[in-house]
Amino acid sequence: MGIIPQSPVLFSGTIRSNLDPFCSYTDDAIYDALDKCRMRDAVDKMTDGLQSKVAEYGENLSQGQRQLLCLGRALLRNCKILLLDEATSSVDYETDQAIQVTIREAFKFCTIITIAHRVNTILDSDKILVMDNGTVGEFDSPQKLLSDKESLFSKIVSHSSFSDD
């Protein structure tokens, strides 16, 4: 199981130790994950590549880079279940799009559970669960929920007008 949280979690160490803390993967596998999460170029530009230092909490990296490295960690582990907890809420639109494309490509055979407020993040999901005051408000495919103009999800989409992007 992999988790990509709202606030990316990195540790003092190196790029390598943040992606592969137990030294279970080859450099090639790590670079493949970095390619998929679109961080290969950034890591290649760092002085020591995979051995480049990561400051406490990843403070020497941008918010987007930290989030992409968390994505790289999940890619490397080849997770069968992926939990995205507002994974793109604190990154810019371009990073959000990069993360969404990578998730759709790399985790297409994976069960993905997404907690999100950005409507565009979940529109291509198989099923959507809308919570209403702590209980299940509705659960169905986005197409089915959107076909009912009175559904909670339809109302959320119409009110958002994708202005949250």
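Helix axes are lines fitted to C-alpha atoms over the stretch in contact, and angles run from 0 to 180 degrees between N-to-C directions. Angles under 35 degrees count as roughly parallel, over 145 as roughly antiparallel, 65 to 115 as roughly perpendicular, and the rest as oblique. The structure is a predicted model, in which local features need pLDDT of at least 70, side-chain atom pairs count only at pLDDT 80 or more, and totals for chains, interfaces and linings use all residues. Residues are numbered from 1 along each chain as its sequence is written, and side-chain values use heavy atoms, with hydrogens and water left out.

The protein has seven helices and seven strands. Helices (H or I, at least four residues) and strands (E, at least two) are DSSP runs, numbered from the N terminus. Along the sequence, the pattern reads β-β-α-α-α-β-α-β-α-β-β-β-α-α. The C-alpha atoms fill a box of roughly 55 × 30 × 25 Å, taken along the principal axes. Of the 165 residues, 42% are buried. Buried means under 20% relative accessible area, exposed over 50%, and partly exposed in between (1.4 Å probe, protein chains only). Contact means heavy atoms within 4.5 Å. Among contacts between residues at least 6 apart in sequence, 64% join residues at least 24 apart.

Helix α2 (residues 27-36) packs against helix α4 (residues 63-77) at an angle of about 130°, and the axes are 8 Å apart. The two helices are therefore oblique to each other. The crossing of α2 past α4 is right-handed. A crossing is left-handed if the near helix is turned anticlockwise from the far one by less than a right angle, and right-handed if clockwise. On the α2 side, the contact is made by Ala-29, Ile-30, Ala-33, Leu-34 and Lys-36. On the α4 side, Leu-69, Gly-72, Leu-75 and Leu-76 take part. By class, the contact has seven nonpolar, one polar and one charged residues. Here Ala, Val, Leu, Ile, Met, Phe, Trp, Tyr, Cys and Pro count as nonpolar, Asp, Glu, Lys and Arg as charged, and the others, Gly among them, as polar.

Salt bridges were then considered. A salt bridge is a side-chain nitrogen of Lys or Arg within 4 Å of a carboxyl oxygen of Asp or Glu. The whole structure holds eight salt bridges. Lys-36, a member of the α2 contact with α4, also pairs with Asp-32 in a salt bridge (3.3 Å, N to O). Both residues lie in α2, four residues apart, about one turn of the helix. Lys-36 is partly exposed, with a relative accessible area of 40%. Asp-32 is partly exposed too, at 38% relative accessibility.

A further salt bridge joins Arg-104 to Asp-124, with the closest N and O atoms 2.2 Å apart. Arg-104 lies in helix α5 (residues 93-106) and Asp-124 in the loop between β5 (111-115) and β6 (128-132), so the pair ties together parts that are 20 residues apart in sequence. Arg-104 is partly exposed, at 35% relative accessible area. Asp-124 is partly exposed, at 45%. Salt bridges that share partners join Arg-16, Asp-20 and Asp-27 into one network.

Thr-121 is buried, at 10% relative accessibility. Leaving aside neighbours within four places in sequence, Thr-121 contacts Thr-88, Gln-100, Arg-104, Thr-114 and Ala-116. Ala-116 is also touched by Glu-86, a residue of the loop between β4 (81-85) and α5. Glu-86 is buried, at 10% relative accessibility.

Glu-94 lies in helix α5 and is exposed, with a relative accessible area of 65%. Glu-94 and Gly-64 are 30 residues apart in sequence and 9.3 Å apart in space, C-alpha to C-alpha. Val-136 belongs to strand β7 (residues 135-140). At 55% relative accessibility, Val-136 counts as exposed. Beyond its neighbours within four places in sequence, Val-136 is in contact with Leu-129, Val-130 and Met-131.
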